[in-house]
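I opened my notebook to look up two things here.

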Amino acid sequence: MKVLIIGAGPVGLTLARLLSQVKVSTTVLERQPTLSTHPSAHFLHSSSMEVFHQLGISSKIRKQVKPLDHWRHFVYCSHLAGTVYRKHDHYSTARALKQQTLTRHPSTNIPQHRLLKILGEDLPSDIEVELEREFLSLKQGDSGIQVKCLNGEVYEADYLVACDGAGSRVRGVLDIPLEGDPNLQSFLNVHFYSKSLGEIAKQNPAMLYFVYNEDIVNVLVMHDADEGEFILQLPFYPSLQRPSDYSNSELCEMINRTASPTTSLTDVKISSVKLWRMSARYSLNMQKGRVFLAGDAAHQLSPAGGFGLNTGVGDAYNLYWKFAYPELLPTYSQERTLRTKYIIEASGQNYKKTVDIAKAFGLDLNYAKGFQTFAEWMPLGNVWFNYGMKLGQKVLLKDSNAKEYLAHEENLLQLLYPKEDLEYSYPQGFFAKGGGALAPNLKVSLEEKQVDFRELPKSVLEKQNKPLFVHLEGQKKAELPRHPVYTLPSPNTSSYVIRPDATLYSQTK
């Protein structure tokens, strides 16, 4: 079997590696000349780390991760070296304790471009990555699919998986619509380096700094304090502003005003500037014939909670083993669309928290959007808009209520989501009574070794050279699928059957 993957991002390369484990060869087509170097997403949920453990790269990832004290906090402040309104430690909460009981693979923090480099290294021989291959068109029939690239190259395969991002050309060609809000808010993402700022950040380290002062309001993401690698996220209004409106010197001044009212950093190096639209939408159908959508091609989420990349990894994990059982491929869309809808609702609540925190500082996003609509009709509207936003920020921003508002944990943006990450359950799909949830955190005996239950499918795959359902047989019987099953004794009286993606097919209690 041959599968084409469009897009050599984290989801595309994760899927290619997973397919290699089930003896499915892949060709990954990427339109860019190199793998991306822009650090977009950065937080990996435990469920994703379990997938990367199966791929044998979790230890490589953790070697790239900075010490936990560098990123365990979110800080709400006037400046990095200014007033701190709240410092929130995510790893001293009930959520963190809960996560520890559910997995031995804790969530972690690594910039996407570093993860991508690991995923792209030492690829198995049955994975081909073709750079500068921009998707143009496709034809599909009863027995296969043909893809034509912009340079005239033609590729053939049995199936195609589109992992080509939010602006997916494959999704456009197939005319698959997305449901939801296409533009919650827009940001200008400024990727830059400054070791001097890194030294300031080390005095009060955090993953995210939510900065509110009269000169600038933004979110600063600290990727690496030692290297001084950061992302500055600036609120942006594309109808009235353009990335080119900001010179490097203006961006450097914004970075200075993020650090303190008086800082003058001399080592700031701007790496890239990208416009990013925050959306909350998803496809109601992630399959059309022999073509499947995964990752941002199928859904776009707000960054709050880090659900975007992790949901894409979940797509890949749900899909890969079903190519060994083609009759189950339609269940991919059935299961993942409902899962995505649930995640979008959770992510939307997180986004609302960020909006409400801004309100506590006197800044209402609805006022900004209303002023944007008004300015769009005015002559020289962009000039008036930029002036009005700066003036409004100076007049409206007040911190008198913010500290009290941020004192209540329920008002804060969270980092860990054990319920959404490890305790979710598919409401419908390919499973029987007691199925749909991720397999429980049990220890199981395999050839006189204690193995984590959710890691059994990988161990069995290595022994049998095929993805199999795993049956832990206890005194109480569980329903078996009409597919090959590998049976082991249960560690208790209950019986469990798990699919190759560690999801319960059935269980008895």
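**Cavity and helix notes**

I began with the lining of the largest cavity: by class, it has 12 nonpolar, 13 polar and 11 charged residues. I note that this is a predicted model.

Entry: cavities. Rolling a probe the size of a water molecule over the atoms shows where empty space is left. I counted 4 cavities of 30 Å³ or more. For the largest, I noted a volume of about 410 Å³. I found 36 residues lining the largest cavity, and Ser47, Glu50, Val51, Tyr317 and Leu438 are the closest to its centre.

Which helices each supply at least two residues of that lining? I listed helix 2 (46-54), helix 9 (307-320), helix 10 (330-360) and helix 14 (418-422). Helix 9 gives the largest share, 7 residues.

Entry: helix 1 against helix 9. Two packed helices are described by the angle between their axes and the distance between the axes. I looked up both values for helix 1 (residues 10-21) and helix 9: the axes come within 9 Å and cross at roughly 25°. Angles under 35 degrees count as roughly parallel, and helix 1 and helix 9 are therefore roughly parallel to each other. I logged the crossing of helix 1 past helix 9 as right-handed.

Next I listed the contacts. On the helix 1 side I have Pro10, Val11, Thr14, Leu15, Leu18 and Leu19. They meet Leu309, Gly312, Val313, Ala316, Tyr317, Leu319 and Tyr320 in helix 9. By class, I wrote down 11 nonpolar and 2 polar residues for this contact, with no charged residues.

Key
Residues numbered from 1 in each chain as written. Predicted model: local features only at pLDDT ≥ 70, side-chain atom pairs only at ≥ 80, totals over all residues. Heavy atoms only, no water. 1 Å grid on protein atoms, 1.4 Å probe; cavity = no way out; pocket = protein on both sides within 12 Å on 5 of 7 lines; lining within 4 Å. Points joined across faces, edges and corners; volume = space filled by probe spheres on them. Helix = DSSP H or I, 4+ residues; strand = E, 2+ residues; numbered from the N terminus. Nonpolar A, V, L, I, M, F, W, Y, C, P; charged D, E, K, R; others polar. Axes fitted to C-alpha atoms, helices over the stretch in contact; angles between N-to-C directions. Parallel < 35°, antiparallel > 145°, perpendicular 65-115°, else oblique. Left-handed = near helix turned anticlockwise from the far one by under 90°. Contact = heavy atoms within 4.5 Å.
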